[in-house]
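Colleague: I've got a model open on my screen and I'd like to learn how to read it. Can you take me through it feature by feature?

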Amino acid sequence: MNLQGRVALVTGAAPSIGRAVCLALARAGASVIAIDLDREALDETAAEVEAAGGRVETVAGDASREATFEYAVEHALRTFGRIDILVNHAAVEAPCADFGGCPVAEFDRMMAVNVRGTFLGLKHVLPRLVEQRSGAIVNFSSAADGDEDAAGGPYAASRQAVLGLTRAAAVEAAPAGVRVNAICLDGGGHSGCPDEVAEVVCFLASPWTSANGAVWSLEAGQLVS
């Protein structure tokens, strides 16, 4: 997969999948702006990308805050001169067993990171991609129709909202040739094979596919739609 010369913003770049995504994009030739709230883990991601020969800049910030994206976009343009790819991977889960037992603060945090964070990424990156008439965005959600989401209550609502944002953005982006797709992970977060997830991200970010507004479900290690 050749992404030489492209520049990617990746949120949630410190956890296993986010780190694998940064590495895969860098190995494909892209320069990476890695964004995460965990500075120590973010530095570890950057060290691995650099050890693999990639170019990476880090932004320690909260994906639910607009200032994080304002700075990240400005930093990308100042450092690399362009933006071509956005990966909205940042997300949080809250241990809400039922609606009555879910603290409002946990619900608000889920919505802030999972939904508002995805919206902010779209708000600050999509117009630039449309203006240059090229680029791709990959959002992350969870199993679209699985029992895992049905049992997730408020968490499920946040992840389904991401799918709605994906489809709306895909319609807006289509006339400019910009693509917006979503990857849905299984209930376990597909954490056992982050490299496989990262390869799907690279595929969706590359010119090798014309998919737009699609939902790619990765369940039990298999691409099913």
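Colleague: Let's start with serine 158. Is serine 158 buried or exposed?

Modeller: Keep in mind that this is a predicted model. The cut-off for buried is under 20% relative accessible area. Serine 158 has 0% relative accessibility, so it counts as buried. You'll find serine 158 in helix 6, residues 154-173.

Colleague: What does serine 158 touch, not counting residues up to four places away in sequence?

Modeller: Met110, Met111, Asn114 and Val115. With Asn114 there is also a polar contact, 3.0 Å between the two side chains.

Colleague: Then let's move to asparagine 114. Where does asparagine 114 lie?

Modeller: In helix 4, which covers residues 104-132. Asparagine 114 counts as buried too, because its relative accessibility is 0%. Besides the serine 158 side chain at 3.0 Å, the asparagine 114 side chain reaches the backbone nitrogen of valine 92 at 2.8 Å. Leaving aside neighbours within four places in sequence, the contacts of asparagine 114 are Ala90, Ala91, Val92, Tyr155, Ser158, Arg159 and Val162.

Colleague: How many residues apart in sequence are asparagine 114 and serine 64?

Modeller: They are 50 residues apart in sequence, with 8.0 Å between their C-alpha atoms. For the protein as a whole, take contacts between residues at least 6 apart in sequence: 70% of them join residues at least 24 apart.

Colleague: Serine 64 makes me curious. Which side chain has a polar contact of 2.9 Å with that of serine 64?

Modeller: The side chain of aspartate 62. Aspartate 62 sits in the loop between strand 3 (56-60) and helix 3. A second polar contact, of 3.0 Å, links the side chains of aspartate 62 and arginine 109. Arg109 is also among the contacts of aspartate 62 beyond four places in sequence, along with Leu37, Thr68 and Val113.

Colleague: Now two helices together. How do I describe a pair that packs?

Modeller: Two packed helices are described by the angle between their axes and the distance between the axes. Here, helix 3 (residues 66-80) packs against helix 4 at about 30 degrees, and the axes are 9 Å apart. The crossing is right-handed.

Colleague: Which residues of helix 3 meet helix 4?

Modeller: From helix 3 there are Glu66, Phe69, Glu70, Val73 and Leu77, and on the helix 4 side Arg116, Gly117, Leu120, Gly121, Lys123, His124, Val125 and Arg128. By type, the residues of this contact come to 5 nonpolar, 3 polar and 5 charged.

Colleague: And the backbone angles? What should I look for in phi?

Modeller: Most residues other than glycine have a negative phi. Arginine 133 has a positive phi, near 60 degrees. Arginine 133 lies in the loop between helix 4 and strand 5 (136-142) and is exposed, because its relative accessible area is 54%. There's a glycine with a positive phi as well: glycine 29, which follows helix 1, has phi near 110 degrees.

Colleague: What do I get for helix 7, residues 194-205?

Modeller: Its 12 residues should span 16 Å, and the ends are 16 Å apart, so the two agree. The buried residues of helix 7 include Pro194, Cys202 and Leu204.

Key. Residues numbered from 1 in each chain as written. Predicted model: local features only at pLDDT ≥ 70, side-chain atom pairs only at ≥ 80, totals over all residues. Heavy atoms only, no water. Helix = DSSP H or I, 4+ residues; strand = E, 2+ residues; numbered from the N terminus. Buried < 20%, exposed > 50% of the residue type's maximum accessible area, 1.4 Å probe, protein only. Contact = heavy atoms within 4.5 Å. Polar contact = N/O pair within 3.5 Å; in protein donor to acceptor, adjacent residues only side chain to side chain. Expected span 1.5 Å × (residues − 1). Axes fitted to C-alpha atoms, helices over the stretch in contact; angles between N-to-C directions. Left-handed = near helix turned anticlockwise from the far one by under 90°. Nonpolar A, V, L, I, M, F, W, Y, C, P; charged D, E, K, R; others polar.
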